[in-house]
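Trainee: Please take a close look at one pair of packed helices for me. I would like to know how they are placed and what they touch.

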Amino acid sequence: MTMFTDLKAPTSGSALRMQNNKLITPDNPIIPFIEGDGTGADIWRASQLVFDSAVSKAYNNTRKISWFEVYAGEKAFRKFNNWLPEDTLNAFRTYLVGIKGPLTTPIGGGIRSLNVALRQMLDLYVCLRPVRWFSGVPSPVKAPELVDMVIFRENSEDIYAGIEFQSQSADAQALIGFLQNNLNVKNIRFPMTSGIGVKPVSREGSERLVIAALEYALKEKRKSVTLVHKGNIMKYTEGAFRDWGYNIAKKLFRDDIVTERESWILANKDANAHISLEENARAIEPGFDLMNPDSQKKICNEVAQVLSDIYATHGDRRYKQKLLLKDAIADIALQQVLTRPTDFDVIATLNLNGDYLSDALAAQVGGIGIAPGGNINYQSGHAIFEATHGTAPKYANLDKVNPGSVILSGEMMLRYMGWHEAADLIISSLNKTIQQKRVTYDFHRMMHNATLLKCSEFAQALCDNMK
């Protein structure tokens, strides 16, 4: 039994556990929660009411969550003089699954971001961000109903690893000197005043993220996975992420996936059984005739290899039934999720790209006020689900803000726990309540003839609409 220094765990309930790589949820699980700073208290009270009501109604009172409050952020600092107490980490380690509200980032030295710290300390390598539109939610785009995507954002590497040194510091000067003198780096334009950062992207980190995205897509019967990257510029980090993603997909999921480029080769063969390798190569490579002979031979060899390896299993249009794996340059993807949203389904990407994409997509379906998120280690089972918005301190204790982000994050948590019936109740009640135009101020100001509800009233309306 885990011993806590300052906290006392619930006397009833038990921990979730992993058994044979599967999460086992008891009927009375202990779930740690962090209330959050700023508006966190209002949001949490509303959200807990919704969670408890959904579980009670879905399972006729045979299941119940034992909530265990743990601390981080301003509330932890006031109570324990510590922004992130060890007890909090121990609780999440012990009970596997938890949820949190928005947290204030400490000003000054020490922890850069409590959210990033929790993810890294628990190795929650997937940031899972589903994005979908609820009918009636105000949106700045013409067809928000076309947005239905799930983002797998790598959570432990990239620039969020925090390896950087301040301009003109001894460490920055030492690293710049090493790059210039030992590695012959010439393109640091102003070395005397440059801050310097290092961006780690590993094969292991990339592979486990892509594996999680592919397993999810296959389980949920999604149509495609897109690797989003900036590999045209950062060839050995972002480009490597793309290459490692394709390689691990072919190695572990060969019977279930087809790459976009493979699908072109197979389609050409299906359309013309007698097509030559060179004709097929010319069809998939627009600049084929401008290539030198060695490059042309390489493309022809690629075509031959694909036909040899998978035409027997994927040809005759069978590839159309496979999960499609493709990639997109990050800046183009940011444009196309607006102009061609149906081209995207599941997205796997690195940390910074995922940050931009998930918030941009959230804006299309109503804003981060109702955008859920989860941070997950699918290998250990650990997961923390969280509000994706900030603390909004000017609205604290006004019972005003939209609790949707935490409520939908809790819906994700319940689904992760295997409690799909309770999760479905939350989704159906949210749909019904919004269609009734009973909403909080953020939606009310953009909807015609809507009824303005407080944060707590919106939660109660969700409970009333659970059938």
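Mentor: Start with a definition: axes are lines fitted to C-alpha atoms, for helices over the stretch in contact, and angles run from 0 to 180 degrees between N-to-C directions. Helices are DSSP runs (H or I, at least four residues), as are strands (E, at least two), numbered from the N terminus. The model is predicted, so local features need pLDDT of at least 70, side-chain atom pairs count only at pLDDT 80 or more, and totals for chains, interfaces and linings use all residues. Residues are numbered from 1 along each chain as its sequence is written, and side-chain values use heavy atoms, with hydrogens and water left out.

Now the pair. The axes of helix 13 and helix 14 come within 7 Å. They cross at roughly 155°. Helix 13 and helix 14 are therefore roughly antiparallel, a label for angles over 145 degrees. Their crossing is left-handed: the near helix is turned anticlockwise from the far one by less than a right angle.

Next, the contact (heavy atoms within 4.5 Å). Helix 13 brings Ile407, Leu408, Glu411, Leu414 and Arg415. Helix 14 meets them with His420, Ala422, Ala423, Asp424, Ile426, Ile427 and Leu430. By class, the contact has eight nonpolar, one polar and three charged residues. Here Ala, Val, Leu, Ile, Met, Phe, Trp, Tyr, Cys and Pro count as nonpolar, Asp, Glu, Lys and Arg as charged, and the others, Gly among them, as polar.

Methods
Angles under 35 degrees count as roughly parallel, over 145 as roughly antiparallel, 65 to 115 as roughly perpendicular and the rest as oblique.
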